[in-house]
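Open the structure in your viewer and keep the selection tool at hand. Each stop below says what to select and what is there.

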Amino acid sequence: MINGIKNLFSYLFDSKDYSTFSGVVDIIVVRQPDDSLKSMPFHIRFGTLKVLDNQNINIQITVNDKKIEDVFMLMLPEGACYFPELNAKNEIQKKLRPSSAILKKFNLKNGYNKIQFIAESDLQGKQLIEGKIYLYNYDTKLVISDVDGTVTKSDVKGHISTIIGKEWTHDDIAELYTNIQKNGYKMVYLSSRPLYFYNYTQGYLKGIIQNGFTMPDGPILLSPDQIISSLNREVVYKKADEFKGALLKDLRRVFPEEVNPIFAGFGNRDTDATACLYAGVIIDNIFIINEQSQVEILGKQEKSSYKKINEKIQELFPRLPKKKEEKQQNKQLPK
């Protein structure tokens with residue numbers, strides 16, 4: 001217990017991202033039928049301790065370790081970043097979504113790409129935030145998984161248990177998610193945690209090993225809000241469906257209007273089910289788990305488990321046809 005408390009305080013006060021309130025949300029970019037590109041918002045924040053003098057600093061961007069020329073972001077006083085864009089009146093607009101022309105300069109490869117945002121000043125030198133950016137085709141099928149209470153066994157304990165060194169993960173989830181991805185679906189991890197928890201959340205998912213299986217790679221979508229409002233919404237006010245529903249609707253808007261990219265959703269609350277329904281997921285493909293690792297398949301009013309779902313993987317998650325431009329790999333989280 002004492003070591004656990006030490007780990008918690010070490011994370012809160014020693015973690016560069018948390019103590020400086022810096023972080024990022026992974027980015028999904030979708031190639032449209034006309035070959036243009038659309039993205040979800042770029043949520044990046046440099047904490048005030050990470051960049052003390054944030055006025056007139058251009059945020060440089062690298063993708064897969066290559067600097068993107070003629071593309072930069074600017075920083076607001078609170079540390080949030082945006083793309084400056086001139087409108088028809090020659091006024092600067094603050095954009096969180098770059099144009100297709102800018103996205104094409106990133107030269108993204110299909111799937112995972114490393115992206116870095118670099119702020120450099122005379123006072124503090126180079127400060128860097130690293131995230132992931134994913135390129136998917138417009139006909140990609142996604143499976144959404146909540147983290148706290150769905151990967152972990154509890155919302156509240158899920159926020160802190162792994163920090164203090166306690167295993168609190170549902171059994172058999174790594175094998176199930178690996179097999180879902182092997183059948184051609186892309187995993188997306190969703191949480192109301194604030195973006196300052198990005199590195200911790202990524203590290204937690206990467207560290208899960210069950211019977212030789214690890215969690216498959218996928219974007220981690222967190223809340224751009226402050227930590228207190230994120231925890232209040234998830235734990236106190238029970239309004240996570242408002243955030244998650246809006247986020248999933250936003251994800252759908254990156255795809256063509258006639259396409260519903262979200263095939264299935266895993267959660268642990270009625271609010272997660274509501275968010276999935278709001279985003280157009282059919283009720284038969286919504287899976288809700290409780291702290292005892294019992295899973296309800298909503299549309300079928302059927303009790304199950306991650307292990308039993310995995311035994312019926314071909315029925316519940318039929319194998320998708322392979323695409324010519326993709327080589328099917330059993331990718332794990334980037335090292």
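Select G184. This glycine follows helix α5 and has a positive phi, near 105°. Helices here are DSSP runs of H or I with at least four residues, strands are E runs of at least two, and both are numbered from the N terminus. This is a predicted model, in which local features need pLDDT of at least 70 and side-chain atom pairs count only at pLDDT 80 or more, while totals for chains, interfaces and linings use all residues. Residues are numbered from 1 along each chain as its sequence is written, and side-chain values use heavy atoms, with hydrogens and water left out.

Now step back into α5 itself, residues 173-182. Eight of its 10 residues are buried, so the rest of the structure largely encloses this helix. Buried means under 20% relative accessible area, exposed means over 50%, and partly exposed is in between (1.4 Å probe, protein chains only). Colour the buried ones: I173, A174, L176, Y177, T178, N179, I180 and Q181.

Next, select helix α9, residues 270-278. Its buried residues are T271, D272, A273, A275 and C276. C276 has a relative accessible area of 6%. Move on to G280, which follows α9 with a positive phi, near 95°.

Which residues touch the most other members of the largest nonpolar core? Select F42, F106, F117 and F317; the core has 87 residues. Domain 1 (18-137) and domain 2 (142-316) both contribute residues, so this core lies between them. The domain bounds come from an automatic or database domain assignment. A nonpolar core is a set of buried Ala, Val, Leu, Ile, Met, Phe, Trp, Tyr and Cys residues joined through side-chain atoms within 4.5 Å.

Stay on F42 and show its contacts (heavy atoms within 4.5 Å). Leave aside neighbours within four places in sequence. F42 then meets I27, M73, C81, F83, L96, P98, L103, F106, I115, F117 and I133.

Two of those partners deserve a click. C81 is buried, at 3% relative accessible area. F83 sits in strand β7, residues 81-86. It is buried too, at 2%. Beyond four places in sequence, F83 contacts F42, I61, V71, F72, M73, Q93, K94, K95, L96 and P98. Draw a C-alpha to C-alpha line from F83 to M73: they are 10 residues apart in sequence and 4.7 Å apart in space.

Jump to S304, in strand β19, residues 302-304. S304 is buried, at 11% relative accessible area. Not counting residues up to four places away, it touches S293, Q294, V295, I297 and I309.

Now colour by pLDDT, the predictor's confidence in each residue, from 0 to 100. The mean is 83, and 78% of residues reach 70 or more. Select residues 1-19: pLDDT stays under 50 there, and the model has 24 contacts beyond four places in sequence for them. Residues 327-333 also stay under 50, with 23 such contacts.

Finally, zoom out. The protein has 11 helices and 19 strands. Of its 335 residues, 52% are buried. Among contacts with a separation of 6 or more, 67% join residues 24 or more positions apart.
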